[in-house]
Amino acid sequence: MADAGATNDQPSIVILTGAGISKESGLATFRDADGIWARYRIEDVATPEAYARDPERVLGFYNARRRGAVADDVRPNPAHVALARLEAEWPGEVLIVTQNIDDLHERAGSKNLIHMHGELLKARCTACAGVHPWRADITLDHACPACGSLGTLRPHVVWFGEMPLGLDEIEDALTGCALFLSIGTSGNVYPAAGFVQHVRMRGGVPTVELNLEPSEGATLFEHARYGPASEIVPAFVDDLLSGGLAAAGARASLR
Ligand code: BJW
């Protein structure tokens, strides 16, 4: 490989993850036939306008999902575990940029992680902007732990029309990486769906899609491998750790 994406002379990897990586842990995706958007309308639960119009409805939607995410039977699956192993054993930097608001990457042991669409287990105060760990329901009766305002807590998530988090850091990482992986995302939501083009414009940096089936942007990736994340991600990580970037590219070219 060329020295593009070198951190301390070691090649760095950026991994974008989406709801598909958490599906086998028991959390629903959004756009599959049995997904969240088959049961709820985006404009009712995932926009700032929806929250302004009917905060109790939006809080109820996220309270139900938070209860699901902290349930005993929801645990990291082998795909999350494999990515944590990659971060621990790869000689260069591994950054996970997740669109997921669950905490399964952290629970698997990943440390270098950006939650670009926020975190379900945090609450944000619309009065003082303070962000607080929050595992229980959020209601309009709660006071902000920092400023004391009543009824101003909302889920710390990014709704349509709001700015995703960590974009400067993500852009730096995309500009420096030597490999870009996209796992379990349909490629419908921007700016995340545009990351692959950002990397491809640099030239010479392999881009790989690992997904159950070809995503909306599948043709934008040089390499792909399809199947359940719990199977294809550990296999891909094994190849990367044993054979380096070239072996991973070859392994994933089985479109
Ligand atoms: C498996 C599997 C298994 C299943 N193994 N795989 C026109 C052009 C460009 C942009 C826009 C546009 N019009 C509007 C916009 C902006 C808008 C947008 O993208 N809209 C689109 C609908 C077009 N974006 C925004 O508003 C964003 N903000 C923004 O753009 O700010 C301005 C800005 C300007 C310039 C630069 C930067 C910013 C904010 C987007 C917020 C998204 N929020 C949500 C909900 C909040 C969090 C939550 O409640 O959880 O985030 S929407 C929802 O979609 C959620 C997800 O993170 C996100 C992505 O979904 P994901 O993860 O891809 O899930 P699915 O279900 O779609 O796909 C799952 C995949 O897994 C599938 O492919 C399956 O096959 C696969 N799978 N089982 C492996 N076992």
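This note goes through a predicted model point by point.

1. Basis. Residue numbers start from 1 along each chain as its sequence is written, and side-chain values rest on heavy atoms, with hydrogens and water left out. Because the model is predicted, local features need pLDDT of at least 70 and side-chain atom pairs count only at pLDDT 80 or more, while totals for chains, interfaces and linings use all residues.

2. Helix α7. Helix α7 covers residues 167-176 and includes Asp172; helices here are DSSP runs of H or I with at least four residues, strands are runs of E with at least two, and both are numbered from the N terminus. Ile170, Ala173 and Leu174 of this helix are buried. They lie on the same side of α7, because they cover an arc of only 100° around the axis, the arc being that of the directions from the helix axis to the C-beta atoms. Asp168 and Asp172 are exposed on the other side of α7. The terms follow relative accessible area: buried is under 20%, exposed is over 50%, and partly exposed is in between, with a 1.4 Å probe and protein chains only. For Asp172 the value is 58%, so this residue counts as exposed.

3. Negative patch. Asp172 also belongs to a surface patch of negative charge, together with Glu93, Asp168, Glu169 and Glu171. Patch members have over 30% relative accessible area and no salt bridge; like charges are joined within 9 Å, and nonpolar side chains (Val, Leu, Ile, Met, Phe, Trp, Tyr) within 5 Å. Asp and Glu count as negative and Lys and Arg as positive, with His and the chain ends not counted. Each charge is placed at NZ of Lys, CZ of Arg, CG of Asp or CD of Glu. The areas come from the Shrake-Rupley method with a 1.4 Å probe, and for residues only the protein chains shown count as cover.

4. Salt bridges. The count comes to ten salt bridges, where a salt bridge is a side-chain nitrogen of Lys or Arg within 4 Å of a carboxyl oxygen of Asp or Glu. One of them joins Arg41 to Asp44, with the closest N and O atoms 3.0 Å apart. Arg41 is partly exposed at 48%, whereas Asp44 is buried at 13%. Both residues belong to a network of salt bridges that also links Glu43 and Arg57.

5. Arg85 and Glu89 form a salt bridge with an N to O distance of 3.3 Å. Both lie in helix α5 (residues 78-89), four residues apart, or about one turn of the helix. Arg85 is partly exposed at 34% relative accessibility, and Glu89 is partly exposed at 46%.

6. Lys122 and Glu119. A further salt bridge runs between Lys122 and Glu119, with 3.0 Å between the closest N and O atoms. Lys122 has a relative accessible area of 26% and is therefore partly exposed; Glu119, at 18%, counts as buried.

7. Glu209 sits in strand β10 (residues 207-211). With a relative accessibility of 1%, Glu209 counts as buried. Its C-alpha atom is 9.6 Å from that of Thr219, ten residues away along the chain.

8. Backbone points to check. Most residues other than glycine have a negative phi, and most peptide bonds are trans. The bond from Tyr190 to Pro191 is cis, with omega near 5°. Pro191 is in the loop between β9 (179-183) and α8 (195-200). Ala129 has a positive phi, near 70°. This alanine lies in the loop between β6 (118-125) and β7 (131-133), and Ala129 is exposed, with 53% relative accessible area.

9. Separations. Ala129 and Leu241 are 112 residues apart along the chain, and their C-alpha atoms are separated by 41 Å. Gly151, in the loop between β7 and β8 (153-157), is partly exposed at 24%.
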